[in-house]
Amino acid sequence: LLAVGLWWQLRVRAPTLLQTRSGQTRTVTLADGSRVTLNANSQLRLQPDGWGRFSREVWLSGEAFFEIEKTTDHRRFIVHTDQTAVEVLGTQFNVLARRQRTNVVLLEGRVELRTEARPTLALVPGDWVQVAGRQTTRKRVRAEAYRAWTENRLVFEAVPLADVLLTLEDRYGYRIQLADSALGQRTYTGVLPALPDGSTLVRAVAETYGLTATRSDSLFVLHP
């Protein structure tokens, strides 16, 4: 597989907003040595005056993979989304916050998830948790698949086609419609290279189901 992506390695001291465009990923090293990789069409806001006295806090819209360093004074690292607050000391985890839903996958260490409906939910490696409004869903997953996008691979393991298309929409800024919405329930398993131009990927997924992808500007329609 050919994996091509656009990456920046930066040392960040005191910016307030980091963001990415369609098809772009970006890796930053924070002042405490923690690393954050932003997926396409994402924003990460830092505390305006640097870290707080008792915590390190960021605000995420989109998707990011976090590799958090422990500090000698044990300051918490907190990721805020519209739905949740994810609190850690040192660990590796992925957060996806789009469409009024927040998904958290823990790869290493331990995190605590706080929501309006549930004060504290402790996660262990391999946990996947989704928060949508007051509803929380939890399951076990192969967590490494959820960080593959940081290596310019999109890994899908028995994922509904509708969710695969949402992933491509989020990464490339497209709108993708199924002429027959019932097809969205079919599952897809595969590994796709995260190419700069996602139109090739849309057509490749369509061909898997014997569908044809027609395009008008940024709109794709998949039909038999």
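Mentor: Gladly! Let's start with the naming: helices (H or I, at least four residues) and strands (E, at least two) are DSSP runs, numbered from the N terminus. This is a predicted model, in which local features need pLDDT of at least 70 and side-chain atom pairs count only at pLDDT 80 or more, while totals for chains, interfaces and linings use all residues. Residues are numbered from 1 along each chain as its sequence is written, and side-chain values use heavy atoms, with hydrogens and water left out.

Threonine 84 belongs to strand E8, residues 84–88. With a relative accessible area of 5%, threonine 84 is buried. Here buried means under 20% relative accessible area, exposed over 50%, and partly exposed in between, using a 1.4 Å probe and protein chains only. If we set aside neighbours within four places in sequence, threonine 84 is in contact with Val79, Thr102, Leu113, Arg114, Thr115 and Val131. Contact means heavy atoms within 4.5 Å.

Strands of a sheet pair through backbone hydrogen bonds, either parallel or antiparallel. In this model, three strands make an open sheet with mixed pairing, in the order E16-E19-E18. Two strands count as paired if DSSP finds at least two bridges between them. E16 (175–178) and E18 (212–216) are the edge strands, each with a single partner, so one side of each has no neighbour in the sheet. From one strand to the next, the twist averages 20°. Angles here run from 0 to 180 degrees between N-to-C directions, and axes are lines fitted to C-alpha atoms, for helices over the stretch in contact.

Follow E16 along its partner. E16 runs parallel to strand E19 (residues 219–223), joined to it by four bridges. Arginine 175 stands opposite leucine 219 in E19, and isoleucine 176 has phenylalanine 220 as its bridge partner.

Helix H1 (residues 161–172) lies across E16 and E19, running at about 160° to E16. Two packed helices are described by the angle between their axes and the distance between the axes. For H1 and helix H2 (residues 199–208), the angle is about 170° and the axes are 10 Å apart. H1 and H2 are therefore roughly antiparallel to each other. On this scale, angles under 35 degrees count as roughly parallel, over 145 as roughly antiparallel, 65 to 115 as roughly perpendicular, and the rest as oblique. From H1, Leu161, Val164, Leu165, Leu168 and Tyr172 meet Leu201, Val202 and Val205 of H2. The residues of this contact divide into eight nonpolar, no polar and no charged.

Rings of Phe, Tyr and Trp (its six-membered ring) pair if their centres lie within 6.5 Å; planes under 30 degrees apart count as stacked, over 60 as edge-to-face, and the rest as tilted. By this rule there are six aromatic pairs. In one of them, the rings of phenylalanine 156 and tyrosine 188 have centres 5.9 Å apart and planes at 70°, so the pair is edge-to-face. Phenylalanine 156 lies in strand E15 (residues 153–160) and tyrosine 188 in strand E17 (residues 187–193), so this pair ties together parts that are 32 residues apart in sequence. Phenylalanine 156 counts as buried at 6% relative accessibility, and tyrosine 188 is buried at 7%. Tyrosine 188 also pairs with tyrosine 209: their centres are 6.3 Å apart and their planes at 45°, so this pair is tilted. Tyrosine 209 sits in the loop between H2 and E18, 21 residues from tyrosine 188, and both tyrosines are buried. Elsewhere, Phe66, Phe77 and Phe93 form one aromatic cluster.

Leucine 106, in strand E10 (residues 101–108), counts as buried at 0% relative accessibility. Beyond four places in sequence, its contacts include Phe93, Leu123, Pro125 and Ala143.

Note on methods: Ala, Val, Leu, Ile, Met, Phe, Trp, Tyr, Cys and Pro count as nonpolar, Asp, Glu, Lys and Arg as charged, and the others, Gly among them, as polar.
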